[in-house]
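Subject: Structure handover and notes

Dear colleague,

I am passing on the structure below, together with my notes on it. Please look it over before reading further.

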Amino acid sequence: MAIGDGKKVVIVGAGLAGSLMACYLADLGYEIHVYERRPDPRKKGYVGGRSINLALSARGIKGLAGAGLDKKVLAEAIPMRGRMVHPVSGPLAFQAYSKNRSDAINSISRGGLNLLLIEAAAKRPGVKFYFDQRCLDVGLDAPSVTFKDQRPAEEGGAGLTGRVEADLVIGADGAFSAVRARMQIQDRFEYSQSYLGHGYKELHIPARRGRSGPEFAMEPNALHIWPRGGSMMIALPNPDKSFTCTLFWPFEGPHGFGNLKTPEQVERFFKGNYPDFPALSPSFVQDYLTNPVSSLVTVRCAPWWTPGSKPRQITGGVGGTVLIGDAAHAIVPFFGQGMNCAFEDCTALAECLKRFGGDLTRALPQYGEDRTDNAEAIADMAITNFIEMRDKVASRAFRAKKKLEHALHAILPGHFVPLYNMVSFSTIPYAEARRRAQRQSQVIQAVAIWAGVVVGGLALGMLIGRLRAGG
């Protein structure tokens, strides 16, 4: 008998995590019903409010591989093997992510990936999708969800509400999750959200005309970054040879979004602070004035699950409700781990269900225990990486530190692994990666002090020699 035989799962949210989770649970034999407030992208195209680019790395690839989708996704991805730093003046500088050239993060389309996951899940037996359905309420004692049909009347919608019962309700409905909002009403549910003082706005670099067709206007196998100390812009490549650029600026201040209001101000500011960009993006002034500014939030909560208390008549179990992805742990995007972490949630939840034979009373607590500390760790590291990207990547000290890390990794591959490699190119748990990086930072400091002593001693010896020769 399959683990999920006779058990019904309602997933709220057909985004990346919800759709991949549907694939995993269908393969375990569950009956899956996925409800999404947005229209069906298979009919109306992708409708989303966030970046069209994502950085897929080892954890996300493993998550896709568990559903047999990794090769198909990677076939459409563009590998980025390092950062290309654009200074205000002077030449560009490439900084490899790793000593291993094969290590890369992969630029992929959010909309394209979401569509692929929905199609993959929909082909599996027992999976049904319902779009234009807004979640109004969630029942926790006897797991259930109440939805309102938002489809236009000509498509069969009538604004009606309906309640759906399930053995398991999964909240995969993003940073402002309706499922989590209902869980927050419980006693002793921990929740916090914190916003950065920075927001983001997207711009665009189109493909340029080449002799044989469209060409990339910049190096495609790199994440481009314009660090400006307290603010920055990045650009990721797209399959159509364009780049999606994202400004990460303070809301206010001299380098803030609130400082630029007219076309003349925008043009003058970019020519002074991002001098190579206007030639790459002919529409940048209009894009800047038209595209919205969005905020950046970190969400933390615990526990990620809650048990039901009333047995279902069909299966007899008490059921439960659980969170995955941004609903459980929204993080800022500066380590490129939001999607990767969410896909790791899907893998972890499926593994717990298999380990305990579908027993939710044991599987859900174990899933929460396995994932909460790791989500806390990557949330903190993502904020730290923002400071590194905007303030440090252009400095000589930072470049020297990275060279030293790569050298130690090459000399001691089994003992020294840089933090970026552990996060992006391995599946070492985030919390363990952070602990190891903290220990390794002590090694870096010791090596730097030793090198300083040696160099200082040599320099002092040379100075003494010269003084004696002159005396």
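The model is a predicted one, in which local features need pLDDT of at least 70 and side-chain atom pairs count only at pLDDT 80 or more, while totals for chains, interfaces and linings use all residues. Residues are numbered from 1 along each chain as its sequence is written, and side-chain values use heavy atoms, with hydrogens and water left out.

The secondary structure of the protein chain comes to 15 helices and 21 strands, where helices (H or I, at least four residues) and strands (E, at least two) are DSSP runs numbered from the N terminus. The chain has a radius of gyration of 25 Å, close to the 23 Å that the globule rule gives for 471 residues, so it is as compact as a globular protein of that length; the radius is taken over C-alpha atoms, and the rule is 2.2 Å times the number of residues to the power 0.38. Along the principal axes, the C-alpha atoms fill a box of roughly 100 × 50 × 45 Å.

Turning to the sheets, seven strands form an open sheet with mixed pairing, in the order β6-β5-β16-β17-β18-β13-β19; two strands pair if DSSP finds at least two bridges between them. Its edge strands are β6 (93–96) and β19 (294–302), each of which pairs on one side only, and the twist averages 30 degrees from one strand to the next. Strand β5 (residues 82–85) runs antiparallel to β6 and is joined to it by four bridges, with M84 standing opposite F94 in β6. Helix α12 (residues 360–392) packs on this sheet, touching strands that include β5, β13 (190–205) and β19, and its direction makes about 155 degrees with that of β19.

A further open sheet has three strands in the order β9-β10-β11, with antiparallel pairing. Because β9 (133–139) and β11 (161–165) stand at the edges with a single partner strand each, one side of each is left without a neighbour in the sheet. Six bridges join β9 to the antiparallel strand β10 (residues 144–149), and T146 in β10 is the bridge partner of D137.

As for helix packing, helix α1 (residues 16–27) and helix α5 (residues 110–122) pack at an angle of about 25 degrees, with their axes 8 Å apart; axes are lines fitted to C-alpha atoms, for helices over the stretch in contact, and angles run from 0 to 180 degrees between N-to-C directions. That angle makes α1 roughly parallel to α5 (under 35 degrees counts as roughly parallel, over 145 as roughly antiparallel, 65 to 115 as roughly perpendicular and the rest as oblique). Residues of α1 including L16, L20 and C23 meet residues of α5, among them L113, L117 and A121, where contact means heavy atoms within 4.5 Å.

Helix α3 (residues 58–65) and helix α11 (residues 338–355) pack at about 40 degrees, again with axes 8 Å apart, which makes α3 oblique to α11. The contact is made by R59, G60, G63 and L64 of α3 and N340, F343, E344 and T347 of α11.

Finally, the peptide bond from A302 to P303 is cis, with omega near -5 degrees, and P303 lies in the loop between β19 and β20 (305–307). In the loop between β8 (127–130) and β9 lies D132, whose phi is near 60 degrees, a positive value in a residue other than glycine.

Best regards
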